[in-house]
Amino acid sequence: MTLPEAGRFRLKNLRTPACYLGQPGTGFAPLSLTVADGRLADGPADATLDMKGAIVLPCGVDMHTHLDKGHIWPRAANPDGSFMGALTTVAGDRAANWSADDVRRRMEFSLKCAFAHGTRAVRTHLDSIAPQDDISWPLFDEVRADWRGRIELQAAALVAADNVTEDGAYAHTADLVKRFDGVLGAVTYPIPDIARRVETVLKLASARGLPVDFHVDETLDPTSATLRVIAETVLKTGFDAPVVVGHCCSLSTQDPAEADHTLDLVAEAGIAVVSLPMCNLYLQDRQPGRTPRYRGITLVHEMAARGIPVSFASDNTRDPFYAYGDMDLVEVLREATRIGHLDHSRGDWAFSVNRTPADVCGFAPCGKLGEPADFILFNARSWTEFFARPQSDRVVVRGGRAIDRTLPAHAELDDLMEGK
């Protein structure tokens, strides 16, 4: 699939999921694309290429990542693969090693991977407990500027609910988020005053005109029901900025009637959900010497049936929360399909790694006439061919030109791991 370097050219005999053309069904629809001056165009072309039924998808949007944690596994491996093991290991590594240079180089490495795989936009959560917030937020702003035109970047503050207060350190973090045009956030879990903490997040966000993004109920404990608290608080306060919740694993172990009631509230409150199936599968229900019984994925089918926007994302990459991953949304979609049984289901799950997260996060649209010619071509003609292989030979097109897809070598970070 060699593309012209310049001029107006047309790619005929492509296939794209029918949902992208507003058509029903779970299959594909025929499509032709014309590229002129780096943008999607209409009209005649100087050259026409027969793509022989190859699949084309828009470039991806990865709306829940942790670029500041990425790739520390060689110096900070999870001792037992558990959630608590991840928390304590990251906390120790952050205190010992997260200088501006360390975080920048690991962020850059992840973004190189994402770009090579075909991602055009990323939202990352940033650990924002003092003094790390004053290191990571200004650094993120510099990295965002460096990557402008390649990957559009957003950041969300990550702070445990116990540390959410109307003044002090959390208010300072909220001011940083406002200064750097970010997203306010927190991790919610069952504490006695969780409703007050959630309301405080919304109050500080509202005062600064910020959207919010919560980590929610990342556990299989059915009594962890802070998602309902968030939905009820959004409805009670009338908070009208975008609200995103991630994980929501405990829904999968709750009584169906309780889970259904919570989802009805989430739909009423207009909350969007991002599921992180690879990380949750890695951490949840891990017990020594015992085969896991539960997948940890949230109730994505039930959410989609209610009209709740559902996305999938990479989450952690080669850190104590997830030892693997490469910032590849094709892998994310493939594994989400297997883990969540997205096949034999509705026909628009392909939106979950591009169009839906772009809409939820407010990233620039992609795929319409006049917009940048940013898309991915695959040597696959059906879903079974697409999901059967990693699609390592995909062609990523940005601004109408195929990019160099060479991935950075992990050895580039070796000096950051030495002696650790």
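**Definitions at work in a predicted model**

Reader: Leaving aside neighbours within four places in sequence, with which residues is Leu-184 in contact?

Author: Leu-184 is in contact with Ala-157, Tyr-170, Ala-174, Val-177, Val-201, Leu-204, Ala-205, Leu-210, Pro-211, Val-212 and Asp-213. Contact here means heavy atoms within 4.5 Å. The model is predicted, so local features need pLDDT of at least 70 and side-chain atom pairs count only at pLDDT 80 or more, while totals for chains, interfaces and linings use all residues. Residues are numbered from 1 along each chain as its sequence is written, and side-chain values use heavy atoms, with hydrogens and water left out.

Reader: What makes a set of residues a nonpolar core?

Author: The members must be buried Ala, Val, Leu, Ile, Met, Phe, Trp, Tyr or Cys residues, joined through side-chain atoms within 4.5 Å. The largest such core has 105 residues, among which Leu-184 and Phe-214 touch the most other members. Helix H2 (residues 100-117) supplies the largest share of this core, 7 residues. Apart from it lies another core of 17 residues, including Leu-3, Leu-31, Val-35 and Ala-54.

Reader: How do you know whether Met-327 is buried or exposed?

Author: Buried means under 20% relative accessible area, exposed means over 50%, and partly exposed lies in between (1.4 Å probe, protein chains only). Met-327 has a relative accessible area of 2%, and is therefore called buried. Asp-37, at 78%, is therefore called exposed.

Reader: What is the value of phi in Asp-37 and in Met-327?

Author: Phi of Asp-37 is near 55 degrees, and that of Met-327 is near 60 degrees. Most residues other than glycine have a negative phi. Asp-37 lies in the loop between strand E2 (28-36) and strand E3 (39-41), whereas Met-327 is found in the loop between strand E13 (310-312) and helix H10 (329-340). Helices (H or I, at least four residues) and strands (E, at least two) are DSSP runs, numbered from the N terminus.

Reader: How do you know that strands E7 and E8 pair?

Author: Two strands pair if DSSP finds at least two bridges between them. Strand E7 (residues 119-127) and E8 have 7 bridges, in the parallel sense, and therefore they pair. Ala-121 stands opposite Glu-152 in E8. The open sheet has 3 strands in the order E6-E7-E8, with parallel pairing. Strand E6 (60-65) and strand E8 (152-158) are called edge strands, as each pairs on one side only.

Reader: Which peptide bond is cis?

Author: The bond joining Ala-130 and Pro-131 is cis, with omega about 5 degrees. Most peptide bonds are trans. Pro-131 is placed in the loop between E7 and helix H3 (132-147).
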